[in-house]
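Keep the 3D view open as you read.

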Amino acid sequence: MSESNGDGILVSVQGARREFSRGNERIRVLDGVDLEVRSGEFLSLMGPSGSGKSTLLNLIGGLDRPNSGTVEVAGDRIDKLPDRKLAGWRARHVGFVFQFYNLLPVLNAARNVELPLLLTPLSKAQRKQQVETALSIVGLTDRARHYPKTLSGGEQQRVGIARAIATDPTLLLCDEPTGDLDRKAGDEILDLLDALCRDHGKTVIMVTHDPHASERADRVLHLLDGLLATEPAA
Amino acid sequence: MRFLYLIWCNLKRKKIRTTLTLLSIVVAFLLYGYLAAIQQGLDMGVSVAGADRLVVRHKVSIIQTLPESYEARMERLEGVVDATPATYFGGVYQDPINFFAQTPVKPAEYLAMYPEFVVPPDQMRAWEETRTGAVVGRTIAERFEWSVGDRVPLQATIWPRQDGGRTWEFDIVGIYDSEDPAADLTQFFFRYDYFREVLPEGARGQVGWYVVRVSDPDRAVEVSNAIDAEFANSPAETRAETELAFVQGFAKQIGNIGAIMTAVLSAVFFTILLVAGNTMGQAVRERIQEIGVLKAIGFTHVQVLGMVLGESVLLGVIGGLAGLGIAVVAISGGDPTGGVFPIFFFPVRDIVIGLFLTVLLGLVAGMLPALQALRLSAVDALRRQ
């Protein structure tokens with residue numbers, strides 16, 4: 001991924017609007033959002049259900065496009081990229097961490113981590129090396145051959161994080177990464193995301209409902225009525 | 001190939017469902033194999049019918065006989081190389097259920113006409129030296145455990161002996177074989193001169209049909225017309241046609257076999273298509289969220305489509321290969337009816353078509369689910385928790 005611009009800005013969203021149709025009704029979820037995220041920053045996005053947090057995350061991750069406005073990540077106008085190029089861009093530059101881990105149950109931990117590497121030109125040996133590295137970062141080397149159903153929730157989420165960092169992306173997008181975990185396991189995941197940000201230079205954008213989780217971020221933004229604010233609604 | 005492991009794991013996900021679907025595909029291809037073999041049997045060797053051979057029979061029916069004098073007259077016609085007589089004997093060996101064709105022939109002439117039938121030279125000499133000698137196909141010899149030197153009685157149903165008896169006895173002097181899998185090895189040939197001598201005087205001088213070799217297969221129709229013209233307005237008018245047309249005419253007497261086979265196979269494959277398509281449809285519906293994950297981490301729509309189609313094709317190919325394999329082994333054991341089909345084998349051409357069908361089945365069965373997976377957006381898929 002090309003690194004941040006001269007100002008250290010990795011993600012720049014300008015005037016992003018996103019509407020959805022529900023029957024005849026048009027629902028505006030994002031109403032001209034402006035956001036800049038510095039490279040290496042740990043940003044937390046908070047807000048009530050339906051406020052558009054995940055939608056904003058999807059726009060930044062290239063899973064969705066704004067109706068208007070721009071989304072630029074590391075100099076790439078991803079809102080302009082065609083679908084096929086966007087898929088390749090995601091494979092190279094973004095790691096996704098989901099609330100419910102979303103591991104493939106038919107694959108063991110190592111094979112799950114290897115999935116995004118299948119899209120790279122790496123050889124089998126190189127992929128194996130990358131998988132081992134990712135699993136060692138999340139502390140699950142000894143669980144490489146375990147299938148998701150034999151892992152605890154916290155371990156599954158760590159495999160999910162290992163999958164997200166396997167291709168060494170700069171940007172990690174985490175949608176409620178602790179939402180399905182108890183406090184202890186959640187804290188371990190937050191420690192891990194913190195370490196990825198501080199020690200490995202990853203830029204982390206985390207959507208969460210949990211104020212405890214958002215305390216770990218460098219910056220907390222709140223989404224309300226389709227707009228971002230630095231303070232929660234009163 | 002990188003995704004093969006993932007495709008394989010997905011296929012194993014619901015083992016019982018996959019196994020049942022595979023079994024249905026196996027049965028379909030086993031049935032396909034048997035129908036192809038039966039088709040061969042009903043065609044009675046159409047595929048090996050000589051392009052340069054004509055069959056000349058009575059214009060009214062194959063049951064009506066022709067004078068044996070026609071042989072020499074046909075051989076005088078331009079374009080005719082040779083003509084040799086054959087007659088349906090219709091004898092019974094022990095029990096009417098033991099059906100096989102018996103034909104009195106002129107040994108050297110007949111085997112020259114059918115070079116695909118191979119008789120060892122010493123057995124050929126023995127046949128020429130033994131008036132009651134008979135040469136039988138390897139299949140029929142194995143079926144009745146006959147060997148050279150055995151004496152075989154046949155009960156005549158059409159041709160009684162001149163002494164009024166109905167038992168004809170023959171000495172097996174040879175066993176013919178063929179390298180061609182489509183050759184009929186269930187026939188029983190005996191000498192025409194012996195047949196002629198033992199018949200009542202009034203029954204002599206008539207033959208069932210003639211096999212005629214033409215000098216140029218491209219002129220077969222022209223020669224056929226010349227033969228029919230030669231005997232026009234005679235008490236025994238002829239109908240000459242290529243051996244292929246003659247054999248096909250026989251097969252058509254019990255209906256349009258090709259159309260029946262096609263209809264049965266179409267119904268079978270359509271059903272299997274629904275079964276396999278339903279399996280793949282369910283598989284995709286159960287995995288929508290996983291498809292969303294794959295797309296989120298960078299798999300393109302086309303790659304996801306390819307993986308679903310790959311899984312479907314793998315399903316079809318595994319089931320199809322197993323079915324075709326079992327069919328090859330089972331059919332190589334021979335005619336399961338014990339003699340209804342003189343020729344019974346799974347032709348290579350149909351095996352190749354079967355292999356093609358395994359892939360086609362997979363592609364068609366997986367097409368709709370694959371398109372569904374293709375159209376699915378990552379966001380919509382991930383939203384379906």
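Start by finding Ile227(B), which sits in helix H8 of chain B, the stretch covering residues 220-230. Bear in mind as you look that this is a predicted model. Is Ile227(B) buried or exposed? Count the C-beta atoms around Ile227(B) inside 10 Å and you get 25 neighbours.

Now zoom out to chain B as a whole. It has 14 helices and 11 strands. Of its 385 residues, 39% are buried. Take the contacts in chain B between residues at least 6 apart in sequence, and 83% of them join residues at least 24 apart.

What about the overall shape? The C-alpha trace of chain B spans about 95 × 45 × 30 Å along its principal axes. Its radius of gyration is 29 Å, whereas a compact globule of 385 residues would come in near 21 Å.

Next, turn to where the two chains meet. Here 18 residues of chain B are in contact with 19 residues of chain A. On the chain B side, the elements that give two or more residues are helix H1 (4-11), helix H11 (288-296) and helix H14 (378-383). Which of them gives the largest share? That's H11(B), with 5 residues. Sorted by class, this side of chain B has 8 nonpolar, 6 polar and 4 charged residues.

Finally, hop over to chain A for a helix pair. Two packed helices are described by the angle between their axes and the distance between the axes. In chain A, helix H5 (residues 153-165) and helix H6 (residues 183-200) pack at an angle of about 20°, and their axes are 9 Å apart. That angle makes H5(A) roughly parallel to H6(A), because angles under 35 degrees are counted that way. The crossing of H5(A) past H6(A) is right-handed.

To see the contact itself, pick out Gly153(A), Gly154(A), Gln157(A), Arg158(A), Ile161(A) and Ile165(A) on H5(A). Facing them from H6(A) are Ala185(A), Glu188(A), Ile189(A), Leu192(A) and Leu196(A). Together the residues of this contact divide into 6 nonpolar, 3 polar and 2 charged.

Terms used. Residues are numbered from 1 along each chain as its sequence is written. Chains are lettered from A and ligands numbered from 1 in the order in which they are written. This is a predicted model: local features need pLDDT of at least 70, side-chain atom pairs count only at pLDDT 80 or more; totals for chains, interfaces and linings use all residues. Axes are lines fitted to C-alpha atoms, for helices over the stretch in contact, and angles run from 0 to 180 degrees between N-to-C directions. Helices (H or I, at least four residues) and strands (E, at least two) are DSSP runs, numbered from the N terminus. Angles under 35 degrees count as roughly parallel, over 145 as roughly antiparallel, 65 to 115 as roughly perpendicular and the rest as oblique. A crossing is left-handed if the near helix is turned anticlockwise from the far one by less than a right angle, and right-handed if clockwise. Two residues are in contact if their C-beta atoms, placed from the backbone, lie within 7 Å. Ala, Val, Leu, Ile, Met, Phe, Trp, Tyr, Cys and Pro count as nonpolar, Asp, Glu, Lys and Arg as charged, and the others, Gly among them, as polar. The radius of gyration is taken over C-alpha atoms; the globule rule is 2.2 Å times the number of residues to the power 0.38. A residue is buried if 20 or more other C-beta atoms lie within 10 Å of its own, exposed if 12 or fewer, and partly exposed in between; C-beta atoms are placed from the backbone.
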